[in-house]
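Thanks, everyone, for making the time. I would like to walk you through one structure, and I will go slowly for anyone who has not seen it before.

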Amino acid sequence: MSTLLEQASLVMIPSGYKEDIVYSQIPTNGSGDLSFTRASNGTRINSAGLVEVTPWNLLQQSETFDNASWSKLGATVTANDITAPNGTLTADKVVFSGANNSIYQAVSLNGEVATRFVYIKGTAGETISIDDIYVSQPNITLTGDWQLIGFTSATPSLRGLGISTYGGATARTIWLWGAQLNIGSTAKPYFPTTDRLNVPRLTYQNGGGGCPSLLLEKQSTNAFSYSEQLDNAYWTPLQLTVTANNTTSPDGTQNAEKFTEDAVSGVHLFYNTNAVVLAATTTASIFYKKGTRRYFSIKLQIGTSSYTQVFDADGLTTGSNSSNGLTSVSTSIVSMGNGWVRASVTGTDPSASTACYMICSLSNSATPTFDSGNFNPSYLGSSSEYGFFWGAQLEASSYPTSYIPTTSASATRVADACFKTGISSLIGQTEGTIFADLVFLNPEPMFFLSIVGTDWLTDSIYFELANSTNYIGVSSVKNASGIGSANSTIAPTANSRYKIAVQYSGTAFNLYINGTKISGTRSANALCSKLYLNELGTLSSTKNNLQTKFNEVVTFTTALSDAECISLTTI
């Protein structure tokens with residue numbers, strides 16, 4: 001592979017990124033860097049195997065204190081006044097006019113433990129105060145050099161980071177750079193921000209470790225409020241006792257609830273039946289960790305139809321189920337590391353009703369007795385039996401997307417888009433090879449990689465999962481007419497890795513999948529200058545369910561040989 005990469009014109013292996021950009025490893029001058037957009041937060045699995053909000057720095061404009069994101073009380077800011085700790089002229093001067101002045105930024109939190117820090121420089125011997133806009137920390141004595149000053153605290157709902165002259169301090173001048181607030185009791189590596197939008201998600205395998213992949217998903221909304229505060233009155237427990245913040249959750253903080261059975265006969269569950277309106281096809285998902293109960297269930301209710309599935313958190317298997325009218329039902333359970341699993345139930349209501357809710361139960365068996373009429377596990381509970389739940393999600397989707405945390409309202413993760421325009425020199429115009437190493441997290445109809453010229457219907461080559469059987473194929477279009485195709489009979493399975501390439505030259509147009517060649521034909525050249533990963537629904541409104549992890553994307557301006565393409569795509 002290394003020899004082939006020496007011939008490549010563009011190589012994207014997810015490793016480096018910042019707001020708006022995924023870096024390419026070839027070329028190194030930035031001309032192959034891909035633009036990235038997602039106008040919202042998202043979550044990923046970080047290298048430690050934890051669910052993490054991206055970007056993790058919750059402060060906006062972390063290096064531009066003159067920005068309106070930072071509130072000023074008796075403070076005047078001069079941008080880019082001296083050299084910052086990173087060697088650039090980006091540190092800002094802050095002049096406080098007198099005592100009890102401050103510069104601060106508020107962040108909406110939910111009582112989580114959070115860690116804050118900021119780089120500060122000032123006159124040796126002077127003091128400055130930093131706080132969470134609620135409780136001031138002891139004054140810091142400045143040394144005259146740059147100091148990284150931070151602290152950790154559990155905060156009420158709306159707190160952030162403040163730097164002030166509280167405590168009777170007089171007028172003074174300091175310099176600031178690189179502020180950060182992240183959830184957790186440990187400071188994460190500094191991540192610079194502007195508006196906190198358009199940050200790529202480099203996600204790892206569940207459990208962390210290995211190399212990251214670029215995660216791209218469709219837009220989705222978690223209709224539940226208080227997705228992590230399952231002790232909130234928004235949720236109703238029935239013959240369960242809920243203990244808040246009892247154990248470490250999948251995000252690494254102690255914010256997961258313990259659910260202990262009441263020692264009575266019947267169901268042991270919690271639920272939410274607030275007015276949630278979604279599409280007829282809906283997915284409910286939640287994280288679970290075994291305490292003493294290895295078995296639990298999810299019941300998805302859409303209108304008058306429902307489906308209950310029992311799961312085994314130890315064996316990552318499903319037990320018995322109870323169906324009451326939902327169709328196209330699918331279930332899943334996957335390990336998330338550290339003893340946690342994530343389980344889901346997807347179903348469609350034949351009557352197209354859109355009133356939905358979820359019930360989560362503990363179970364004494366993989367094949368429990370279900371209560372009559374309500375289809376939930378029913379048995380004699382024990383006050384010594386318990387399990388942990390966290391991260392509830394209900395979304396209009398035919399599969400579970402990455403976790404979307406919520407507080408007092410629903411939340412939406414906007415679709416990811418990754419692309420590069422104006423790179424005709426990096427894409428073969430009369431001949432070439434295009435390669436992708438990827439995982440389809442949900443193999444539904446989609447365009448998963450496209451090379452485009454003027455527009456989609458002119459000068460394009462696109463890889464797709466076709467509508468009928470979701471087989472992998474590649475097509476070429478010119479002047480609104482199909483000029484070439486090579487289609488496999490391979491219908492990919494979820495969470496499986498595929499190495500795919502297309503080779504084109506003259507009338508040759510060949511597809512390679514995991515070392516197998518599928519021959520096709522092509523009648524004309526498409527002149528292309530734009531690369532899109534997972535472009536949504538442009539040619540067909542039905543191809544919009546993207547959920548893919550890209551391990552690598554490579555373009556060549558020459559048509560590699562059959563042997564090279566087979567070698568390139570062999571896993």
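Strands here are DSSP runs of E, at least two residues in length, and they are numbered from the N terminus. With that in mind, and remembering throughout that this is a predicted model, let me begin with Thr433, which is found in strand 36, covering residues 431–440. Is Thr433 buried or exposed? It counts as buried, because its relative accessibility is 0%, and the cut-off for buried is under 20%. The side chain of Thr433 reaches the backbone oxygen of Thr558 at 3.0 Å, while a polar atom of that side chain lies 2.9 Å from the backbone nitrogen of Leu560. Setting aside residues up to four places away in sequence, Thr433 also touches, among others, Val502, Tyr504, Phe556 and Cys565.

Let me turn next to the nonpolar interior. In soluble globular proteins, nonpolar side chains tend to be buried together. In this model the largest nonpolar core has 45 residues, and those touching the most other members are Phe448, Leu449, Ile500, Leu533 and Phe550. Leu533, leaving aside its neighbours within four places in sequence, is in contact with residues including Met12, Leu214, Cys418 and Val553. A second, separate core of 33 residues includes Tyr234 and Phe389.

Finally, the second largest pocket has a volume of about 790 Å³, and 33 residues line it, with Val334, Pro400, Leu441, Asn495 and Gln547 lying nearest its centre. Strand 29 supplies the largest share of that lining, five residues, and by class the lining has 14 nonpolar, 15 polar and four charged residues.

Note on methods
Residues are numbered from 1 along each chain as its sequence is written. This is a predicted model: local features need pLDDT of at least 70, side-chain atom pairs count only at pLDDT 80 or more; totals for chains, interfaces and linings use all residues. Side-chain values use heavy atoms; hydrogens and water are left out. On a 1 Å grid over the protein atoms alone, a cavity is a set of points where a 1.4 Å probe fits but cannot get out, and a pocket is an open set with protein on both sides within 12 Å along at least five of seven lines; lining residues have an atom within 4 Å of a point. Grid points are joined across faces, edges and corners, and a volume is the space filled by probe spheres set on the points. Helices (H or I, at least four residues) and strands (E, at least two) are DSSP runs, numbered from the N terminus. Ala, Val, Leu, Ile, Met, Phe, Trp, Tyr, Cys and Pro count as nonpolar, Asp, Glu, Lys and Arg as charged, and the others, Gly among them, as polar. A nonpolar core is a set of buried Ala, Val, Leu, Ile, Met, Phe, Trp, Tyr and Cys residues joined through side-chain atoms within 4.5 Å. Buried means under 20% relative accessible area, exposed over 50%, partly exposed in between (1.4 Å probe, protein chains only). Contact means heavy atoms within 4.5 Å. A polar contact is a pair of N or O atoms within 3.5 Å; within protein, one must be able to donate a hydrogen and the other to accept it, and residues adjacent in sequence count only if both atoms are side-chain atoms.
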